[in-house]
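Me: Please take a close look at the part where the two chains meet. I would like one connected walk through it, and then on to whatever it leads to.

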2 protein chains.
Amino acid sequence: MPSIIRRQFINDSHSVIDEALEGFSLTNPQYVSWDSENNLIFRQNRASGKVGLVSGGGSGHEPLHAGFVGTGMLDVAVCGAVFASPTAGQVHAGTTLADSGAGVVQIVKNYTGDVLNFQIAASLAEDDGLKVEDILVNDDLASDTDDDGPGRRGTAAVVTVEKLVGALAERGAPLNVVTKVGREIVDRSRSLAIALDAGAHPGDAHAAFELEGHEVEFGVGIHGERGTGRIEFAKVDELVEQIVTPLANSLELVRGDAVIALVNGLGGAYPIELSIAARQVHRLLGARGVTVARSLAGSYVTSLDMHGLSVTLTVVSDEHIELWDEPVLTPTFTW
Amino acid sequence: MPSIIRRQFINDSHSVIDEALEGFSLTNPQYVSWDSENNLIFRQNRASGKVGLVSGGGSGHEPLHAGFVGTGMLDVAVCGAVFASPTAGQVHAGTTLADSGAGVVQIVKNYTGDVLNFQIAASLAEDDGLKVEDILVNDDLASDTDDDGPGRRGTAAVVTVEKLVGALAERGAPLNVVTKVGREIVDRSRSLAIALDAGAHPGDAHAAFELEGHEVEFGVGIHGERGTGRIEFAKVDELVEQIVTPLANSLELVRGDAVIALVNGLGGAYPIELSIAARQVHRLLGARGVTVARSLAGSYVTSLDMHGLSVTLTVVSDEHIELWDEPVLTPTFTW
């Protein structure tokens with residue numbers, strides 16, 4: 001396949017995140033403010049006396065995490081460069097900002113750099129007298145190996161975790177409860193992703209990888225990491241079945257279970273494609289006797305303009321569904 | 001530039017809209033229902049005794065219009081095939097469904113097929129005893145010519161029109177007021193779009209057009225229509241200035257004016273790009289002494305996966321801003 005030249009609407013590849021966060025905060029002043037020194041997006045309507053929630057990581061996954069800052073979800077998002085962890089100093093500033101007297105929970109996607117920098121920041125914040133806990137999100141089934149490596153990557157389940165834990169914190173639950181419930185939600189969540197094309201970094205003329213026309217990258221990561229292998233291109237219903245079957249097996253879904261299902265576009269998939277994929281997720285789970293209690297279909301955890309999609313399933317109780325339904329006021333989700 | 005093969009996550013190019021609408025309604029049951037016979041998306045929480053609002057047109061522009069159905073915005077969206085007007089029969093069914101006793105306003109983007117089919121449907125509905133008015137949206141400055149052609153195309157201003165008029169109808173304003181205010185909002189709105197690549201139809205291996213690496217299509221339409229010409233690729237701040245200047249001139253913006261600004265992705269632009277463009281829109285208008293009273297940056301009126309963006313400016317009064325701020329409960333916008 002010939003290689004196409006990618007172009008982007010940017011000014012300078014070195015300033016994209018600063019400029020994007022400025023634009024984002026100008027567009028969403030009712031929800032968020034921007035700390036330009038540390039590239040923190042924090043909620044406009046500051047909380048008091050609740051557990052603070054801070055998340056973050058490399059940029060390039062928008063609307064994650066800045067789009068999830070607001071009442072009922074995150075207090076602070078710490079924004080690194082594209083696909084690069086924020087520094088420990090940035091995370092320390094974000095953790096401090098998230099505190100309103102009841103301690104802070106860091107929601108961290110499982111990548112080596114993020115884990116390290118959030119841990120250093122937690123130590124620094126604890127030295128300052130803050131109470132800090134963490135929820136490590138590691139939902140990506142494609143990276144579920146038996147070796148001693150870093151373990152499963154954190155991907156789109158972070159959306160579900162941030163929504164449910166955000167509601168719990170907003171209710172006034174204490175630090176240990178927020179942490180415990182968050183970790184349980186992670187344990188109940190798995191994701192898998194496929195792609196037809198990788199994304200291209202701002203300023204890069206080429207995508208991270210290219211595929212032949214008969215190939216689909218299976219188990220692809222959100223930083224352009226190659227997947228566990230290539231499968232044959234097929235109708236989306238067949239591709240989605242190849243995702244949902246291992247997810248259901250891994251979660252040991254049985255008749256009568258309820259899930260929150262997230263059909264997530266990786267950036268380059270258009271809404272028609274995501275809606276068709278969502279239809280098949282509903283059909284496959286319905287055929288298994290599994291209730292889709294709540295679902296979303298949209299581009300929430302992206303990989304620049306990667307033409308791909310992921311499915312995340314979280315096994316939920318009635319209490320989780322109540323948390324899902326609680327009000328949220330962020331640039332991305334409001335209900 | 002070599003031509004890249006496009007692929008999509010679909011099952012069959014003939015069934016994409018039926019399948020997408022099924023998936024969309026399964027994903028958003030709290031907001032909408034689906035009439036599969038006429039491919040209508042209608043609000044779950046049916047109104048009574050208010051002016052009904054129906055819009056629609058060809059598909060491929062998602063989330064437009066189905067994503068804007070719900071309390072405070074549209075009552076019914078009529079969904080045609082990709083880039084093809086719905087039939088007069090579909091629009092008639094949608095217009096009938098939108099009526100709850102106070103008449104119906106059709107919000108129609110200015111394309112020959114849409115205008116014709118909505119007019120036929122209005123006549124049929126009037127024969128049934130309904131009162132029907134229309135708001136013709138024609139904001140695209142690129143198609144503003146002096147000839148006797150069809151006039152300016154309708155593009156992303158339809159979002160602003162549907163939000164403001166939706167709030168007015170929800171308040172209980174009568175048919176003539178809703179119509180009059182809607183037409184005024186159209187008069188106060190202009191848009192311009194640029195693209196780096198065209199979109200590809202579901203099932204098509206190629207985009208509608210391709211550009212050389214130094215070119216940008218200026219004044220492009222939302223159906224892959226070529227623009228008014230090609231301009232040189234440049235930093236996005238320069239490109240946005242080339243859009244905002246003619247918009248401001250056409251609207252005769254002066255110091256002290258207030259606008260609602262919509263920075264709209266055409267499908268393939270990622271959020272970082274749109275936020276950077278939004279930053280420049282705010283800066284340019286600020287430099288002119290024009291207040292950006294409210295703004296959005298996101299992909300709302302798309303052209304499949306076209307890598308492009310548009311800017312829409314609407315000159316607003318305090319009353320328009322109040323209408324903007326009124327509650328809305330749809331799959332896309334909720335506040």
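Reply: In this predicted model, 58 residues of chain A are in contact with 57 residues of chain B. Together the two chains bury about 5,200 Å². Carbon and sulfur atoms account for 63% of that area. Three residues of chain A stand out here: A:R7, A:F9 and A:Y270. They supply 21% of the area that chain A buries against chain B, more than any other three residues.

Now the polar side of the interface. Between chain A and chain B there are 23 residue pairs in polar contact, counting pairs with both residues at pLDDT 80 or more. Several elements of chain A each bring at least two residues to the side that touches chain B. They are helices α1 (16-27), α6 (236-250) and α7 (271-287), with strands β7 (189-197), β11 (291-298) and β12 (307-315). By type, that side of chain A divides into 30 nonpolar, 16 polar and twelve charged residues.

Next, charge. Four salt bridges run between chain A and chain B. One of them pairs the side chains of B:E22 and A:R283, at 2.9 Å from N to O. Over all chains the structure holds 30 salt bridges.

Others sit within chain B. B:R183 and B:E133 meet through their side chains at 3.8 Å, N to O. B:R183 is in helix α5 (residues 175-187) and B:E133 in strand β6 of chain B, so this pair ties together parts 50 residues apart in sequence. Both residues are partly exposed: B:R183 at 37% relative accessibility, B:E133 at 33%.

B:D144 forms a salt bridge with B:R152, with the closest N and O atoms 3.3 Å apart. Here B:D144 is partly exposed at 38%, whereas B:R152 is buried at 15%.

The side chains of B:E217 and B:R230 also meet in a salt bridge, at 3.3 Å from N to O. B:E217 belongs to strand β8 (residues 215-218) and B:R230 to strand β9 (residues 229-232) of chain B, so the pair links parts 13 residues apart in sequence. B:E217 is buried, with a relative accessible area of 0%. B:R230 is partly exposed, at 46%. Elsewhere, salt bridges with shared partners join A:E22, B:D237, B:R279 and B:R283 into one network.

Back to contacts across the chains, starting from one residue. B:I17 lies in helix α1 (residues 16-27) of chain B. It counts as buried, at 9% relative accessibility. Beyond its neighbours within four places in sequence, B:I17 is in contact with A:I272 of the other chain, and with B:N39, B:S59, B:G80, B:A81 and B:V82. B:S59 is 42 residues from B:I17 along the chain, yet their C-alpha atoms are separated by 7.4 Å.

Helix α2 (residues 88-98) of chain B is the next stop. Its buried residues are B:A88, B:Q90, B:V91, B:H92, B:G94, B:T95 and B:A98. They pack against strands β2 (40-43), β3 (52-59), β4 (76-82), β5 (104-109) and β6 (132-137), and against helix α3 (112-127), of chain B.

In chain A, the peptide bond from A:L64 to A:H65 is cis, with omega near -20°. A:H65 is placed in the loop between β3 (52-59) and β4 (76-82) of chain A. In chain B, a cis peptide bond joins B:E62 and B:P63, with omega about 10°. B:P63 lies in the loop between β3 and β4 of chain B.

A:T330 reaches A:G67. The side chain of A:T330 comes to 3.2 Å from the backbone oxygen of A:G67. A:T330 itself sits in the segment after α8 (318-325) of chain A, and is buried at 0% relative accessibility. Setting aside residues up to four places away in sequence, A:T330 touches A:Y31, A:G67, A:F68, A:V69, A:G70, A:T71 and A:M73.

Most residues other than glycine have a negative phi. A:E252, not a glycine, has a positive phi of about 50°. A:E252 is in the loop between α6 and β10 (258-265), and is exposed at 65%. A:L304 also has a positive phi, near 55°. A:L304 lies in the loop between β11 and β12, but is buried at 2%.

Last, the cysteines. The structure holds zero disulfides over all chains. A:C79 is buried at 8% relative accessible area, and B:C79 is buried at 9%.

Conventions: Residues numbered from 1 in each chain as written. Chains lettered and ligands numbered in written order. Predicted model: local features only at pLDDT ≥ 70, side-chain atom pairs only at ≥ 80, totals over all residues. Heavy atoms only, no water. Disulfide = S-S within 2.5 Å. Buried < 20%, exposed > 50% of the residue type's maximum accessible area, 1.4 Å probe, protein only. Contact = heavy atoms within 4.5 Å. Buried area = accessible area lost by both parts, 1.4 Å probe. Polar contact = N/O pair within 3.5 Å; in protein donor to acceptor, adjacent residues only side chain to side chain. Helix = DSSP H or I, 4+ residues; strand = E, 2+ residues; numbered from the N terminus. Nonpolar A, V, L, I, M, F, W, Y, C, P; charged D, E, K, R; others polar.
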